[in-house]
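Here is a short briefing for a reader new to this structure. Please look over the sequence and the model first, then take the topics one by one.

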Amino acid sequence: MRVLRILRCRPFSTRVLALLLIALAFGIYCYYYAVSPAYPKPANTLNNNENTKALQYVHDSHRELQEKPFTDQCPLVRESAADIDTTTIYPSFDFQPSWLRTKEFWDRTFEDRYEIIKNDSRRPPLKVIVVPHSHNDPGWLKTFEQYFEWKTKNIINNIVQKLHQYPNMTFIWTEMSFLNAWWERSHPVKQKALKKLIKEGRLEITGGGWVMPDEACTHIYALVDQFIEGHQWVKTNLGTSPKTGWSIDPFGHGPTVPYLLDQSGLEGTVIQRIHYAWKQWLAQRQIEEFYWVTNWSEKKPSLIVHNQPFDIYSIKSTCGPHPSVCLGFDFRKIPGEYSEYTAKYEEITDQNLHTKSKTLIDEYDRIGSLTTHNVVLVPLGDDFRYEYGVEFDAQYTNYMKMFNYINNHKDTFNADVSFGTPLDYFNAMKDRHKNIPTLKGDFFVYSDIFSEGKPAYWSGYFTTRPYLKILARQFEHHLRTAEIIFTLVANYIKQSTTLKLISSEKRLEKFYEQLITARRNLGLFQHHDAITGTSKSSVMFDYGTKLFTSIYHCIRLQEAALTTIMLPDPYLHSQSILQSQHEWETYGKQPKQLQASVVDKRKVVLFNSLAEERTDIISIRSNTTSVRVYDTRRKEYVQYQITPIIEIREHGKYVISDTSFDVLFVATVPPLTAVTFNLEEYTNTSQHCVIFCNNCSDKILGSDKTENFTVKKMMPGDIQLENSVLKLLIDRNTGLLRQINRKDNRRRHVVEMQFGAYQSAQRHSGAYLFMPDYDAPEKKVLHQYGSGTSQQDENIIILSGPVSTEITTLYLPLLVHTVKIYNVKDIALSHAVHVENVVDFESPPKNRETELFMRLQTNIQNGEVPEFYTDQNGFQYQKRIKVEKLGIEGNYYPITTMAWLQDEEVRLTLITNHAQGAASYEPGRLEVMLDRRTLYDDHRGIGEGVVDNKPTVFHNWILLEPISADRRKRDTSEHVSGVLNRRNFSPDAKTTIYELPTRTADHLSRTMNYPVNVYVVDTSEVGNVNVKTYQTFIQNFPPDVHLVSLRTITDEVLEQFPSTACFMVLHRPGFSCSLGDGSRRTSARFTAKTLFNGLHISNLTAVSLTGLKTYKSLSGLEDIEIAPLEIKTYKIRF
């Protein structure tokens, strides 16, 4: 009985329960300790006995995030399967085929197949859709306005007039920027006539974006924004929605634009410029249509992509495989105009009608043989065509004679030919074609052969004119910030019951017209000859001044909106009290930094435009070193340092300014929040940087002045920079990085920084093309700028402080190179190396034929045939494998946010804030092009070289992260059966994990693109004012969802006024689950607690990406669902 009693009672004893609870608690503790990142100890502390209690670091944000319960496990994203994988197939091509000199892939093999197919009675009859078009560049050889006045307005007028005159004719229009310019100047009768043509389906709006965007250099925000601007304009003014895309001139194609068009509800799109070897490969397999799947999506898109089979969109290359024949079917004849097609001009008459019709239908039939369905799309046009009414008449009259003859002789030709639109083509093609393959990857790098009869790789424009590429990204940041602040503040005021805010509301509404202009200027710059840098220098200047003006307007809007929300006294809202820290004064120069005076008891307001908490290093220019920084939200002093401003005098000495200083401080700002920081007068020399410099005189401040900084001579030997996580080894002779050591895993990594330049092959490299001279060695560009001594340390300055440690090496005037690490308790900032390069090519002919690169040579084993990864439009990622048959120009790829290379042990990521070219041409090597100067034209149309280089500041992060042992052991290459059908061209393809950036890299990229906005509180005219400590606009927003935009919709009645509705565009970025900090639990879920502070949402609707289609109404933000890497739009009415 006793044993029985023990068995019955002991499991429920309090002692056993207590032991079980202790064991469970210990297990939970161990689990969370294991999955939480280890934080390094602070490298520096503030030593000040007087204020020990008051001085606290702001380092709790990540700890607070860890303590919150996570709701989602890191989502594992697998590589999608497709019938055609461009990454696998592309290296197998013959890039020097026998037909290269003829410039036509149509050889005897194609002709023989055509003869067989033509006589096959089972083949469906030929159906031809001829699409009249006019390719209008919104800037190239002339500015947007010049083109409009000179050509485009006449073209659109002719479309309206001639399509009314010729009921059988059709036309398409792609660039909404030009159509808007025409609409604003046209008579209502013409507007109605144009809308009637659209309703009849004879004038089709193709693409519908503000421009036909480039696909290599554009960033996801600007791409989406210009499509929204264009599509909303079409819907508002024309009452229709685009059904098809038309991207015939971008220099290479990627999967992002087709994805965005698919998400916008379009049914098909046309592409043109892809590598000549791809043209041949697809033609051989009768593949001209495919579904372009992203590398990460399991869902097949509904949008069909059609590839035009021949070189370019002019009539010479579109009627068939033989340009010499097609020249005879361009019937444009303008008095005084002479070209290759006028020499072959032959009007259609009764005498030549049969012969010409037979020749034309044979060419069309040859195109049909490149497909299985025998439906052919034939563009009929060229750049800025149909500006004369007589061209409309000539093309229509001559083609209709042939069309009627062909259609009336079915027994002879067995064909149906008519004018039509791309929508007509896709409808006809889909009726016959049911087995459309899928394709993944991209079509970079584009190469043509039709100019010189030899390969020419268009990889130069990835980098051309970097000053403007960076300016465009800075503009994007300021526009996005202005959009978000405007939407939140304007609706906050509208819902407020305070009558005193009415004047503030009116003041904000006045900015809305400038906001619309800013959207359109950013959209205009996404044009494929704008952000690419491939227009004439005068046109690029025009683009730049437009960007510059709109940056100014966006910043003024930000200031006005934040003043309204941060200053409780409404009578002060009309004063310019909040002022942006930066003054954008002159196009072509860097913005100036305003100086904050402690004497005026200055405050600064920081605004975080991201929907995630962030810790950043903020720099404020001050006129005194006696300063400290107070966070009014957290009610504590923050970690800071005083950094010297060092000027270079004519005698070569470095002079330390005694009137201007930089105050660096650590700021943690919650999501979508404005926070006030106070600058207080306070002396603590322990927070001053120590200067190590052999060329800085300690007497330069004057004997009667107090020395603010300790200046020391550099110690012998190589240089080490160190924080709690990293130790950098710097070459003493060059001042450049040699090694990065991770203290946490005691691993040493060779990361050797190099600068050099490719020399252009004369008269080859240009704005578009990258053609280095293989007979000339790489230029060692830095040698001529050294001091000539064995030790280059006279060119080196080291600044060591409690917040950052940095080394600057000066190769003046070409390069000022700075490497910096941070001594702060933040995972991202402490683990990354910041690189800044200031490049000045000076005036030509200096640095002629120079294509400058920055190279990282590492010991990473990324393959004997090197592999690396590039982003695509800051949206998705693509594996790149060196094509050994090609030179460096064919192995340069576009990046817009980052690139990385990796082996089984480690990954090195280089993060950038603008579009540039990148390559991994040798094992362990990653390089990016910085700037290019080519004196000669590359014969692709602009007729000049690139010599308008401007002093440019480049920023990068370098991130070195270990790959987990679990990942190395895991077999991630299991075969997926039943997915790949018989048309698969990579039968051995296996599914693997889709490679994504780490969480840290993703965060650093986003914070670099969208830095904290800094505003100085100017009380010089109004005296001391009350400023809110902080204002938070959102609560409980999921940290793994990026708020792309919060874009106010224009009022339906009042064109230049805002409504209470907006488009909320969301993107869920992907990140690796097995590298860096990606293994921890995370959240992308909206809940009932997710809300906009002070704002009531009256209606929430899921819509298509650009808002053209309405899907369903949601009860609240908690109903929002978004999968990894998806981008979605929701319409909110406040």
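P845 is found in the loop between β34 (832-839) and β35 (850-858). In this predicted model, a cis peptide bond joins P845 to P844, with omega at about 10 degrees. Most peptide bonds are trans, and most residues other than glycine have a negative phi.

**Backbone exceptions**

- N847 also lies in the loop between β34 and β35. Its phi is positive, about 55 degrees, although N847 is not a glycine.
- N847 counts as buried, because its relative accessibility is 13% and the cut-off for buried is under 20%.
- L812 and P813 are joined by a cis peptide bond as well, with omega about 0 degrees. P813 sits in the loop between β32 (804-811) and β33 (815-822).
- R746 has a positive phi, near 55 degrees, and is a residue other than glycine. Its place is the loop between β29 (737-742) and β30 (747-759).
- Is R746 buried or exposed? R746 is exposed, because its relative accessible area is 79% and exposed means over 50%.

- Q739 belongs to strand β29.
- With a relative accessible area of 19%, Q739 is buried, since the limit is under 20%.
- The side chains of Q739 and N741 make a polar contact of 3.4 Å.
- Which residues does Q739 touch, leaving out those up to four places away in sequence? They are K727, L728, L729, R748, H749, V750 and V751.

**The parallel sheet**

- Strands of a sheet pair through backbone hydrogen bonds, either parallel or antiparallel.
- Three strands make up an open sheet with parallel pairing, in the order β9-β2-β10.
- β9 (375-383) and β10 (415-419) are the edge strands, and each pairs on one side only.
- On average, neighbouring strands here are turned by 20 degrees against each other, direction ignored.
- Five bridges link β2 (residues 126-135) and β10 in the parallel sense. K127 has D416 in β10 as its bridge partner.
- Helix α14 (residues 353-368) packs on this sheet and touches β2, β9 and β10. The direction of α14 makes about 100 degrees with that of β2.
- Helix α15 (residues 389-408) packs on the sheet too, touching β2, β9 and β10. The direction of α15 makes about 160 degrees with that of β10.

**The antiparallel sheet**

- Another open sheet has five strands, in the order β47-β48-β52-β50-β51. Its pairing is antiparallel.
- β50 (residues 1099-1103) and β52 (residues 1127-1133) run antiparallel and are joined by five bridges. Within this pairing, T1101 stands opposite K1131 in β52.
- Helix α18 (residues 466-495) packs on the sheet, where α18 touches β47 and β48 (1058-1067). Its direction makes about 60 degrees with that of β47.

**Cavities**

- How many cavities of 30 Å³ or more does the structure hold? There are 19.
- The largest cavity has a volume of about 210 Å³.
- That largest cavity is lined by 17 residues. H219, G874, D1002, S1005 and R1006 are those that lie nearest its centre.
- Helix α23 (residues 999-1009) gives the largest share of this lining, with four residues.

**The whole protein**

- The protein contains 23 helices and 52 strands.
- Of its 1134 residues, 63% are buried.
- Among contacts with a separation of 6 or more, 77% are between residues 24 or more positions apart.

Notes: Residues numbered from 1 in each chain as written. Predicted model: local features only at pLDDT ≥ 70, side-chain atom pairs only at ≥ 80, totals over all residues. Heavy atoms only, no water. Pairing = 2+ DSSP bridges. Helix = DSSP H or I, 4+ residues; strand = E, 2+ residues; numbered from the N terminus. Axes fitted to C-alpha atoms, helices over the stretch in contact; angles between N-to-C directions. Contact = heavy atoms within 4.5 Å. Buried < 20%, exposed > 50% of the residue type's maximum accessible area, 1.4 Å probe, protein only. Polar contact = N/O pair within 3.5 Å; in protein donor to acceptor, adjacent residues only side chain to side chain. 1 Å grid on protein atoms, 1.4 Å probe; cavity = no way out; pocket = protein on both sides within 12 Å on 5 of 7 lines; lining within 4 Å. Points joined across faces, edges and corners; volume = space filled by probe spheres on them.
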